[in-house]
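Please read it with the structure open.

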Amino acid sequence: MASSTTRVATDVGGTFTDLVCFETDENGASTVRTAKSDTTPPDFEQGVLNVLEKGNVDPGNVNFLAHGTTVVINALTERKGVKVGLITTEGFRDILEIARGNRPDFFNLHYKKPEPFVPRYLRRELPGRMTYRGEEMTPLDLSGLPGILEGFKAEGVEAVAVCFIHSYANPSHEQATLAEIEKLWPGVSAVSSHQITREWREYERTNTAVLSAYVQPIAERYLSRLNDGLASRGFNGSPYIMQSNCGVDSLESVSRIPITMVESGPASGFWGAAELGKLIDEPNILALDIGGTTAKCSLIENGQIKIMTDYWIEKDRTSAGYPIMVPVVDLVEIGNGGGSIAWVDDFGKLHVGPQSAGALPGPAAYGKGGKEATTTDANLYLRRINKNYFCGGEIDADMDAANSAISSVAGKLGVSEQEAARGIVRIANNNMVNALKLVSLNRGFDPRDFTLVAFGGGGAMHAVALAAELGVKKVVVPAGASVFSAWGMMMSDLRRDFFVTRLADLAEGAAKGIEALFAETEDQARAQFEAEGIDPTKVSFLRFGKFRYQNQEHTTEVLLPDGAVSDARLAEIEALFHETYEREYTYRLDAPVEMVGIHLVASAEVGKLTMAAQPFGEADAGAAQKATRVVDYALDGEHESIIYDGPSLKPGMEFAGPAIVEDPGTTIVVNPRSSARVDAYGNVHIELGE
Amino acid sequence: MDDAAEIDPFTASVIQASLVAAADEMFAVLRKTAMSPIIYEVLDVGTGVTDGDGNLVSSGAGIPTFVGVLDKAVQRIIDIHGSDAIRPGDMFITNDPYYGGVTHLNDVVIALPVFVDGSLLAWTASIAHWNDVGGRVAGSMSTEATEIFQEGLRLPAIKLFEDGEAVRPVFEIIATNSRLPEFANGDLWAQVAASRIAEKRIGHLVQVHGEKAYRSALSALFNEGQRRGLAGLKTLPEGTFSIEEEQDDGALWRASITISKDRFTVDLRGNPKVRDEPYNTSRDGAVISAQMIFKALTDPTLFANAGSFRALEVLTEPGTVFHATGTAPHGYYFETRIRLYDMLWQCLARAMPERLPAGSFASICGTVLAGEHPDTGRRYTMVEPQMGGWGATAERDGLDAMYSCSHGETYNCPVEIAEARYGLEVGYKSLRDSDEGKGQHSGGKGLSVCYRMRGNALLSAGYSRNRVPVWGLEGGENGGTNGFAVQHPDGTREDRAFASGVALKPGDEVLIDTANGGGWGKP
C-alpha cells in the first residue's frame, strides 16, 4: 500500500465508547469517520472491538491506535479493585489511616473520614529507615517479610504496595523489598511508591502506591485482553494508551503503573485544545469540556498545558478525599453537565447539580421516566435545542415530560416556567463561570487575554454566554466538538513527566547539583524511551524548576530557559521566579529563594496527525440555512434566529447571531451581537460583540 | 434590568456564589503564600467578607472557630475609628483581644475596607496565626504569662495602609518585635495579598450588577441564614438544660442553655473570675463557642453568615474567664474556648443523645518547638496542634485521629517534611494503643507520636483534658486523657500537660498520647 495512513482513537466513557478514524491519502487529503457504541462493563475491551466494527475499521489497516479509558477511575470510585496488602516503615503503618486529619465540612460533628483502602490488619511494617537526605539511618531488615507475605496470602491479598519513609530521596530499601517479594511470591502484583513518584509527603505517596496496587490487576487484565483482541483482528502494532498528563504511553509501561491513567479522559480534550491552538494560532486558551454529568476546564498559556501532582479523588467542599500523586493536567471539574438536575432547596433557592440524571433515566425529555428538570430540559424549553433534532434526531424529545419538570421547578420558586428555565441556564452558567475563574483569575490570569475553546456535547451551547460573563472576546468550537477528546488523543506525543524533590538554595555553587539532577533524570528518561523502541535522540525535554521564598511551603513552577543550568544563570532563573510569583500573588519579597524540586517533561512524537487546510468557498452561509425559530437566550432575551445545519457549513462561510448551529453531536448557540465564521479546518470561530 | 425592580432570585444567587468564591480565593492565596508552617500547613487561618458594617457575608475554608472572628474584628475597627475616618486605600491591623482581635496576640487580623464609587460596601479580612510576635518566650505563648504585656506586641486596630501607601513605621515596629521578622513580614504580605484579591472581585461584582442588586443580594443572604437557623431550632427540644463541669485545675464551670422556638440562649454568668494566667478568653471568644454548638445543631452545613446566628443570644459576666477585662493574658485562650464548646456540647448531648456524638479528645494540644536546625543552623519554630479520637455516635464508632472540633481544614505536617524542616526525627506516628472509650459504639483512637531531638530546642505545650477524662454518652465508657512526656536518653521521664520553655537536648524524646473518643451506649 502506498502512503495512505489510518489513525484511530477510541475512548471508553461511562456510557458510550467513541471512535474517531482519520484516513489520510497519499496527497494529504483526509477523511474522518466517527462511530459510537455502548460501553460494555465489565468486559470493556468488547465495546472497543464493537465500535471498530461499527465504524468499518479494519484493524489490519490501522497504523496508529490511541486508546483512552475510564477503567481505572471506575475501579476506584466503584470500589471494584483487589484486596491490597501494604508494607511500610516500622512505626508508620497507620499513616494511611491518619491521613491529614482535616475536616473540610467543619461545622458538621457527624463528619465521616474517608476510609483507607487497606484496613489495619493488612498494613504491615519492616524495620529500616532513611533520613530526609537519603542516607541510611537503620538498615533494612527483611527477615519478617516471608511471614508478612504468608499472612497476606492467607487473607486473600492480590496486590502488594510498598512505601517507606523518605524513599523519594533514596529508593534502595523499596527496591530491595520489591525484589525480595518477586522472589518469595512470583507473579504477585506489586508496586513501590518510588516507581510512581519521587516527591515527598508520605501519606500522599503511600496512598498513591496503594491505589495503584488496588487497580493494577484489573487494568493489566483489561489491557492485555484489549491487546489480544486487537491482534486477533489483525492489528499488527501496539496501542498507545492515553495518560493523565496529556501524553500517550506504551501499553507495556501503562500495565506496570496503571494509576497514571486516572484522569486520561479530560486530559486528551485539553491536549486537543492546545494542539488546536497551534493550528489556528491561538496560544492562550481557556478550554471547557461539558459532558453529560460534569464540566471540566483548564488553562493553556502560550501553548503549554500545566501538569501538577496535587490530584485528589472524591475531594470536595465537604470531604477530604484521597490523594493520587501522579502527573495530571491542572483542571477544575464541577458537577454541571447536560444531565445535571435542577432542584430547589428547603429555603427556596435554585441549584443545578451536582446530582445528574445520568444516561438512565436521563433528562426528562428522554422520556425514560425522568421527572426532574435538567439543564438539557431547560435548553429544550428555551428552544435552544431543537426538539425535532434531539440528540441528532436519534431521540424523540418528550416535551410533555420536559415541560412538566420545568413547571415543577417554577412552582417551587413561584415564578413562570420561562423564568424558571432561564434561571436554570443562568445558575448552570454561573457554576461554570466560577470554575473558569478558578483556573484563570485565581491563578493570576485575566480571562480577557484568552480564547475560549468549548467542546464536549454541551460546550458550544453555553460558551458564548460564559465568554460574555468573563469578558472573553472569542469562542472557538472545534469541528467534531462532541468527539474532540478522541481527536486530542491522536495529536498526543509519547510523554512522561518526572517530578523529583530535591532542596537547594538558589545561591552561588548550587547550579552544579541542579544541572546534575536534570541530566540524571534526562538520562533515565532516554533509557526508558529507548527500551520502548524510541530513538533517544528524538526525545525532547522541557525543564521546570519548583521554587519558593525560603521558609514558604508552596512552590511556584517556572519553565527554565534552554541550556545547562550554570551559576551565571541563577540570577536569570531567580528573576523569572519573582516575576511569575508577583503575577499570581500581587507582590514580591526581598527574601532568599530556594528550589524544592524539578519537573522534567520528556516527549517524543509518535506519528501524530497532520491537518490539511481546506480551501475557502463563498462567505454566504445561506446554503447551510435550514430553518428559523424563536430562541430564548436567557439574559439576552428572545429572538427570531436562523438555524444552520452544522455539516453543511463549509470553510469560509460567515454568519451573525442570533443563530443556532445544529450538528448531530452538539448545538452551537450564537448569541445576538456576535458573529461567526468557519475556518479552513471546519472550526467555528465566534467573535463577541460589544 | 430596571433599577427600581426588585432583584430576581437568580441574580441574587449569582452574586452570593461570587462572594463565597471570593472568600475561598482569599484562603487559597493565603495558604500558598504564607511563611509560617502553621498557616500554610496547619491552616490556622480564616478569611471572610463582611458588608460595610461588619456583618459576616461569607467565609473561606479554614477553621470554624475563625468564622465568627472577622466580623467582630471589623465591627470593632469601625467602632474605634468611626466610619467617617475610614477611607479608600486604608487597611487595618489588629491582634489584641481588647481591640477587636478576639483571640490572642499571635492571631493577626488584617482588614481592608472595599469602596466602590465612594461607598463603603464590604470588608475583606483575614486572620492568621503568626509564629512569633515577641513577648517573654519564643512563639509568644507562655503558660506563665500573668499579663497580656508578656505575650507580645499589641497592635490595637491601627492603620497598616493609608491612602494606598504602606505605613512604614508599623511594618518596622512589627519586624523589630518578632524573633522571626522574615516570617512576620512574609505572613503579613500574604494577608495583604488575600485582602486585595477579594477587593478586586467585589469591585467587579458591583460594577456588573450595580450597588442596588448587590445590597439586595446581601440582605436576601442574611435572611436565608436566619431562616435556616430558625428552621433548625424548631427541630430541637424546648426547655432549659444545665451543666456543671469540673476542670483539670479543679475549677467548677457552669452553663445553662434555654431553647425556645425562636431563641437559643446560652447563659455563662456566674463562672470563675478572670485569672492572671493565660487561660482567659474575650467575650467574643466565648460567643464563638456558643455559635459552634448552635450551628452544629441548627444548620451544620458550610453556609454561614451574620443571619445564621441571629437567633443566638449569649450572656456573659464581665471580669470572668469567659469575658476577660483589664490586662488579663490570653495566650492559651483556645483551650478555654474548646473546653467551653465541649461543655456546651455535653450539656446538649445529654438532652439529645441521638443528635450529638459522645465527647472527643477536645484539646488543641498545641506543641511548640523552637530551636536551631542541626544541619543548616537556621532557626525554626514548629507549631503543631495534635490529632485525637472523636466520640462514637448513635450510629457508628468514633473517628480515629482527627483534629479537634475547633479545627476544620487543618492538615498535619508530613513526617518527611517535619524531619527536613526542623531537623528532628519522628520515631513513630500511630493510632494510640489503648481500648478506652468502649461502648455499643466505641470512641475513635487517639494519636501517639514521638519527636526525637537531634539538636537543642525549647518545648512549650498546652494540653487540656489531662486529668478529667473524655466523656462517654448513654453508658459508653470514657475515652481517657491527653498528655505528653519528655523522656531523656537515660530513661528518666517527666509527664506533663502544660509546659513553657523546657530545654531539650539531642537524644531527648517528646512522647505524645492524645485521648480516644468517648463511647456511645453500654459496651
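1. In what order do the eight strands of the open sheet in chain A run? The order is β19-β14-β13-β22-β23-β34-β33-β30 (chain A), and the pairing is mixed. Strands pair here if DSSP finds at least two bridges between them; helices (H or I, at least four residues) and strands (E, at least two) are DSSP runs numbered from the N terminus.

2. This is a predicted model, in which local features need pLDDT of at least 70 and side-chain atom pairs count only at pLDDT 80 or more, while totals for chains, interfaces and linings use all residues. Residues are numbered from 1 along each chain as its sequence is written, and chains are lettered from A and ligands numbered from 1 in the order in which they are written.

3. Axes are lines fitted to C-alpha atoms, for helices over the stretch in contact, and angles run from 0 to 180 degrees between N-to-C directions.

4. Strands β33 (residues 674–678) and β34 (residues 684–688) of chain A pair in the antiparallel sense over five bridges. In β34(A), A:Leu688 is the bridge partner of A:Ser674.

5. Helix α12 (residues 417–439) of chain A packs on the sheet, where it touches β13 (285–290), β14 (295–300) and β19 of chain A. Its direction makes about 30 degrees with that of β14(A). Helix α13 (residues 459–470) of chain A lies across β13, β22 (451–455), β23 (474–477), β33 and β34 of chain A, and runs at about 160 degrees to β22(A).

6. A:Ile424 is among the residues with the most contacts inside the largest nonpolar core, which has 383 residues. Such a core is a set of buried Ala, Val, Leu, Ile, Met, Phe, Trp, Tyr and Cys residues joined through C-beta atoms within 7 Å; buried means 20 or more other C-beta atoms within 10 Å of the residue's own, with C-beta atoms placed from the backbone. Buried residues make up 52% of the 690 residues in chain A.

7. The contact between the chains takes 50 residues from chain A and 62 residues from chain B, counting residues whose C-beta atoms, placed from the backbone, lie within 7 Å. On the side of chain A that touches chain B, α12(A) gives the largest share, six residues.

How values were computed:
Buried ≥ 20, exposed ≤ 12 C-beta atoms within 10 Å, placed from the backbone. Contact = placed C-beta atoms within 7 Å.
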